Amino acid sequence: MPEVQSQGSSEISSLASPSMAANTGEPRIRVRGLGKHYGALEVFRDITFDVGKREIVAIVGPSGCGKTTLLRCIDGLLPHDDGEILVGETRVTEPIAGVAMVFQHFGLFPWKTVSENVAYGLRMAGAPKAEIARKVPEFIKLVGLAGFEKAFPYQMSGGMQQRCGLARALAVEPNVLLMDEPFAAVDAQTREILQFELLRIWQERPTAMVFVTHSIEEAVLLGHRVIVLKGRPSSIHETIVIDLPEPRTRDTLRHPRFAELRERVWGTLMREAREAEFVLER
Amino acid sequence: MSVSTIAAAATPSKRPVAGRAPGAFWPRFIVGAVILLSWEFVVRAFAPPYVAKPSTTLMAIPRVFADPAFQTATLSTLTAVAQGLGIALVFGTVIGLLMGRSQAMERGFRHYVNGFFAMPMIVVLPLFSLWFGYSAQTRIATIIFAALFSIIINVADGARSVPREYLEVAKAFRASRISVLFGIVLPASMPYLLAGFRLAAGRALIGAVVAEFFLSIGGLGYYILYNSRSYKHSEAFVGVLLLAAFGVCFELLVVWVTRRFMPWYRREDKSA
């Protein structure tokens, strides 16, 4: 299979599109031979990839393939069994400073207002009050929630809630952002808006980002590379370099290369999904 | 959708209030009137004149409320109930939170808490009066005993059922264990805590009255006992009505606190 690329392939692809791969920077996250099992059930094995300092790596795979579990291992929320995860020079065994996560379930505290929710990460990091008072409005504004500081989560739509979740993660000014299907729980239009909001924010404040999604379009639009997981236990089936022009905008969706890459990821993923769909649960 | 929910939240007074449906007044009024009238009629027809009836009780109210002995008694009982509830609330919350979040604590405490909760408070009174004497301390101890366990049980239930997502977020942001317990588990358990408090407040009132009956300590319960033994049933009944009113007040307090400080409660389904 000529399309399958090994882990070191980003150098090869950088020859094809030097403008893009050149600015991802040196690796911030290094995942080496990662394996995880729950008792006898092996979730994934031998997962190896890097994420550059200014790079978005999207992970797609059939549902139940363990992409969310993988992300939780990278965050240190779940222990892993084999291999290692390095963020900078730190070996991850529990959540570490400088890494923030955005959740599919938003994870907002219903008894806190937008401001209080956004301040949560800073407070837990022990930031001084003056710093919190300065940063919280800044990040609320960045995600477009200005004017809703005193609103409670129950008063807001899903999209607004996830903007709040994003502001909470960004407020600690992480150099690694982990996105766990962040837009899966919002409606299609909102999802599209949030994708471009995320791109805008990322271009303003680039970080290393791992973006787990089940939407191929989303993965291709956002990712500099797309990792396709397959099988049970899952492993990396293919890493596809997304050599689309930067910055990504709405025009990216109409780029002929976008359609090509989407088809390619689709082909890889659907082959797997079709096989997975007709496997009986044990 | 977002605009309408915000608008709805901004005018909470327009939400239909439970039990205040527009058609509820007349049926309620008629049943109340029937009860009071038949009580009045039956007592007038068959009972001796000192037995309380609605008319004499109503007439006794100004007299009783002006009586300094009644005022002192009421204040004494209410102070004891407030103190006992306060102590039970603090200890009950801490023990409940620990039980809800720590398996060791849960295993250690569970049967004792359930056992004490089920135990009629009146059976511990002789013991308490041996330990603390025929005194106000025994009354406080009885109130705490009456209130503590329902708070523990409810808070522990609440702490156990904190959504995992909240704990996950707290862990991802590296919250300390203390901060998780009091910053996440406690506020998430607040609805349970208030339910426990509501139950505890009623039990605390009973505990106070029972202790006063048993120990003859000055208070509202003793006032009721004393007056009914001196054939002043109407006066006694004013005390009974006041106790009922306190029960209702605690209920309203809980409802008010829930509305005022937990607008998010019962609306969570919208956020997830």
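In chain A, G35(A) stands opposite D82(A) in β4(A). This is a predicted model, in which local features need pLDDT of at least 70 and side-chain atom pairs count only at pLDDT 80 or more, while totals for chains, interfaces and linings use all residues. Residues are numbered from 1 along each chain as its sequence is written, and chains are lettered from A and ligands numbered from 1 in the order in which they are written.

**Sheet of chain A**

Strands here are DSSP runs of E with at least two residues, and helices are runs of H or I with at least four residues, numbered from the N terminus. Two strands pair if DSSP finds at least two bridges between them. An open sheet is formed by 4 strands of chain A in the order β2-β1-β4-β5, with antiparallel pairing. Because β2 and β5 (90-91) of chain A stand at the edges with a single partner strand each, one side of each is left without a neighbour in the sheet.

| Strand | Partner | Sense | Bridges |
|---|---|---|---|
| β1(A), residues 27-38 | β2(A), residues 41-52 | antiparallel | 8 bridges |
| β1(A) | β4(A), residues 82-87 | antiparallel | 5 bridges |

Along β2(A), G52(A) stands opposite P27(A), and E42(A) stands opposite H37(A). β1(A) and β2(A) form a hairpin with 2 residues between them, and G39(A) in the turn has a positive phi of about 60°. Helix α3 (residues 67-75) of chain A lies across β1, β2 and β4 of chain A and runs at about 120° to β1(A).

**Helices of chain B**

The axes of helix α10 (residues 220-229) and helix α11 (residues 233-261) of chain B come within 7 Å and cross at roughly 155°. Axes are lines fitted to C-alpha atoms, for helices over the stretch in contact, and angles run from 0 to 180 degrees between N-to-C directions. The crossing angle therefore makes α10(B) roughly antiparallel to α11(B) (over 145 degrees).

Residues are in contact if their C-beta atoms, placed from the backbone, lie within 7 Å. On α10(B) the contact is made by L220(B), Y223(B), I224(B), N227(B) and S228(B), and on α11(B) by H233(B), E235(B), A236(B), G239(B), V240(B), L242(B) and L243(B). The residues of this contact divide into 7 nonpolar, 4 polar and 1 charged; Ala, Val, Leu, Ile, Met, Phe, Trp, Tyr, Cys and Pro count as nonpolar, Asp, Glu, Lys and Arg as charged, and the others as polar.

Elsewhere in chain B, V31(B) is found in helix α2 (residues 25-46). V31(B) counts as exposed because it has 10 C-beta neighbours inside 10 Å (exposed: 12 or fewer).

Definitions and conventions:
Buried ≥ 20, exposed ≤ 12 C-beta atoms within 10 Å, placed from the backbone. Parallel < 35°, antiparallel > 145°, perpendicular 65-115°, else oblique. Contact = placed C-beta atoms within 7 Å.
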